Amino acid sequence: MNKFELKSAFSPSGDQPKAIDDILQNINKGGKYTTLEGVTGSGKTYTMAKVIEKLQLPTLIMTHNKTLAAQLYSEFRGFFPTNHVEYFISYYDYYQPEAYIPRQDLFIEKDSSINEELERLRLSTTASLLSFDDIICVASVSANYGLGNPDEYRKNVLVLELNQTYSQRELLLKLVDMGYKRDDNFFERSRFKVAGDVIDIFPAYFDEEYLRIEFFGDEVERLTKREYLTNKTIKELDKSTIYSVNPFVVSKERLAKAIDMIEVELDTRLKELQTADKLVEYQRLKSRVEFDIEMLQATGMCKGIENYARLLTDKKPGETPYSLIDYFQAMDQPFLLIVDESHVSLSQFRGMYKADKSRKEVLVEYGFRLPSAMDNRPLMFDEFIQKADHYLFVSATPAPLEIELSSKIARQIIRPTGLLDPTIEIMDSKYQVEKLHDEIKKTIKNGDRVLVTVLTKKLAEQLTSYYQELGLKVQYMHSDIDAIQRNHIIRELRVGKFDVLIGINLLREGLDIPETSLVAVMDADKEGFLRSRTSLVQTMGRTARHKDGRVILFARKITDSMQYAIDLTNKRRQIQKDYNTKHGITPTSTTRSLDEQLKLETYDDLYNSRQKIEKMPPAERKKILLELNQAMSRAARELNFEEAIRLREEITKIKKL
């Protein structure tokens with residue numbers, strides 16, 4: 001096994017050494033569930049990294065949203081630069097699942113836009129899990145959704161070895177069966193091209209490299225990995241394994257069996273609908289499924305193939321579907337599953353199955369899908385919570401569920417930086433907008449940032465507009481803004497494009513903006529989910545990375561939730577203050593360098609300067625495409641997904657010419 005090597009200029013301090021020991025002792029003695037309760041800014045991510053290094057176990061880190069996943073991915077890549085750190089989130093820029101609303105007789109067709117770079121990262125994850133054992137994968141809730149059978153995925157590979165004999169015709173047919181397409185004119189990911197005895201393959205999960213196979217007759221004379229842009233040889237290979245372009249790609253035998261099963265299920269379901277005199281549903285289902293069968297027979301794929309996942313993976317009705325966790329299990333060794341911000345993540349995992357089930361039941365009832373589509377589902381919570389060998393729940397405010405499950409609660413209250421929990425001030429909510437304006441002016445005068453949390457999307461937008469009219473640089477963020485745009489907004493706040501970010505519950509868990517010295521909670525006395533104990537503690541924590549951090553609660557009265565959050569924050573503040581006095585520590589703000597992923601690069605000139613591009617020779621046009629592809633890959637690697645999408649659109653424009 002390749003060793004996990006943690007690279008960091010820091011060493012455990014404060015409460016970290018004891019927390020790490022408590023976690024390791026519980027896991028090493030066979031404890032399945034452990035909880036790490038760590039205050040904001042106490043270095044929970046570093047503690048997680050040290051635990052991975054000490055255990056030397058493959059690790060899946062899951063959290064409830066893409067923004068946190070991107071942040072964690074960036075941090076763990078820095079901690080483990082020599083190991084395989086992978087990123088697995090939904091590959092959709094936009095996703096509208098198919099649904100039917102009976103009362104309106106309205107069918108909503110599935111609509112989506114796939115981000116090619118995120119798709120590559122997902123494929124890189126599944127391929128790495130079957131190739132390496134030093135894997136750390138950061139994933140969102142997407143990891144709980146269905147994937148193909150890892151054993152089938154492993155079988156359906158192409159293994160190439162130097163000096164071995166292969167039929168070139170059979171090799172090319174195998175590539176086609178695996179989902180690759182031949183394109184001798186434009187070479188890109190998931191494509192291959194042939195020139196005499198040379199075959200170039202661009203694996204679906206590679207970034208800026210491709211494989212070249214050079215034959216002498218039917219013998220592989222040379223096997224190399226080459227740079228996509230320059231064609232320079234990067235590495236001479238003795239052996240290489242190529243995986244399919246899609247985890248749902250199966251062997252011809254498995255596909256033929258699945259098609260037979262679809263036909264049998266269709267026949268049974270049509271008889272049921274006919275007996276119930278549901279002629280519209282009968283005709284609807286018959287035409288849809290028969291078309292899918294024809295597509296599967298002709299191409300091996302069809303739109304909505306995931307709805308036949310149970311039949312393609314040979315699972316029984318109701319049986320647990322395959323997910324990313326099964327790829328960890330396929331490694332045949334213990335692994336660790338870390339749930340970050342567990343107080344939110346676990347409850348979200350619990351709700352995923354019920355929401356999916358209610359939508360699918362309607363589709364099946366009205367003849368849009370076969371009953372087996374119900375088994376294309378996320379994991380039930382009871383399935384998820386039993387799959388891993390060891391679980392580590394991480395949160396500043398663990399919920400009762402984690403506490404009850406865990407045989408050990410490790411606590412991390414002391415911050416290595418000596419930072420104190422923020423001071424808390426309660427202001428009368430009468431004229432709160434005007435009062436907040438004055439406090440914002442004081443804060444930004446010192447070069448700091450401000451986070452404001454309100455109760456509704458409309459309030460966030462209206463308050464943003466009002467403050468902009470008063471000359472403040474303000475932006476809002478809520479659930480209508482997609483994950484990629486959220487990352488972009490946070491980057492712009494950190495680099496100083498604006499000073500104030502207004503949101504709802506998106507300003508809570510895990511948001512790491514050390515430049516923030518003021519958090520304002522509007523209408524803090526309005527009891528409910530957004531002003532619960534957990535929400536208030538988490539929101540206050542957003543300013544715990546600044547030495548001058550403070551919180552203003554606008555309220556007419558002090559609610560039970562407010563009192564709990566105030567008491568807990570003051571208690572933790574006193575513990576840290578006593579520790580600082582004892583050890584002679586002066587609090588210093590957390591620093592997080594504005595590294596390359598925060599540079600807002602633009603490549604507009606690259607496309608706009610070629611206004612007569614349609615008259616260019618094909619070779620010049622291809623050169624521009626290569627430059628844009630390289631820029632797009634670089635932007636995606638730096639998690640600047642908005643820029644990557646824009647570059648992809650430019651590439652599409654040129655391709656259409």
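**Charges and a helix**

Modeller: Go ahead. Keep in mind that this is a predicted model.

Colleague: How many salt bridges does the structure hold?

Modeller: A pair counts when a side-chain nitrogen of Lys or Arg is within 4 Å of a carboxyl oxygen of Asp or Glu. Some link up into a network, which includes Glu98, Arg288, Asp292 and Arg369. The total for the structure is 37.

Colleague: Which residue forms a salt bridge with Lys360?

Modeller: Look along helix H11, residues 342-365. The closest N and O atoms are 3.1 Å apart, and the partner is Asp356.

Colleague: Is Glu361 buried or partly exposed?

Modeller: Glu361 meets Lys357 in a salt bridge, at 2.6 Å from N to O. These two are also in helix H11, four residues apart. Lys357 has 31% relative accessibility, so Lys357 counts as partly exposed. Glu361 has 37%, and therefore counts as partly exposed.

Colleague: What is the nearest side chain of opposite charge to Asp448?

Modeller: Asp448 sits in the loop between helix H14 (432-445) and strand S21 (449-453). Asp448 is buried, yet has no salt bridge. The cut-off for a salt bridge is 4 Å. The nearest opposite charge is 6.2 Å away, on Arg449.

Colleague: Which side chain makes a polar contact with the side chain of Asp448?

Modeller: Leave aside residues up to four places away in sequence. Asp448 then touches Thr443, Glu515, Ser517 and His546. The polar contact, at 3.1 Å, is with Ser517.

Colleague: How many of the residues of H2 are buried?

Modeller: Helix H2 runs over residues 44-55 and has 12 residues. The buried ones include Tyr46, Met48, Val51, Ile52 and Leu55. Lys44 and Lys50 are buried too. H2 is mostly covered, and the count is 10 of 12.

Colleague: What distance does H2 reach from its first C-alpha to its last?

Modeller: The expectation uses 1.5 Å a residue, which gives 16 Å for H2. Just after H2, Gln56 takes a positive phi of about 55°. The helix itself comes close to the expected span, at 16 Å.

Key: Residues are numbered from 1 along each chain as its sequence is written. This is a predicted model: local features need pLDDT of at least 70, side-chain atom pairs count only at pLDDT 80 or more; totals for chains, interfaces and linings use all residues. Side-chain values use heavy atoms; hydrogens and water are left out. Buried means under 20% relative accessible area, exposed over 50%, partly exposed in between (1.4 Å probe, protein chains only). Lys and Arg count as positive and Asp and Glu as negative; His and the chain ends are not counted. A polar contact is a pair of N or O atoms within 3.5 Å; within protein, one must be able to donate a hydrogen and the other to accept it, and residues adjacent in sequence count only if both atoms are side-chain atoms. Contact means heavy atoms within 4.5 Å. The expected span of a helix is 1.5 Å times one less than its number of residues.
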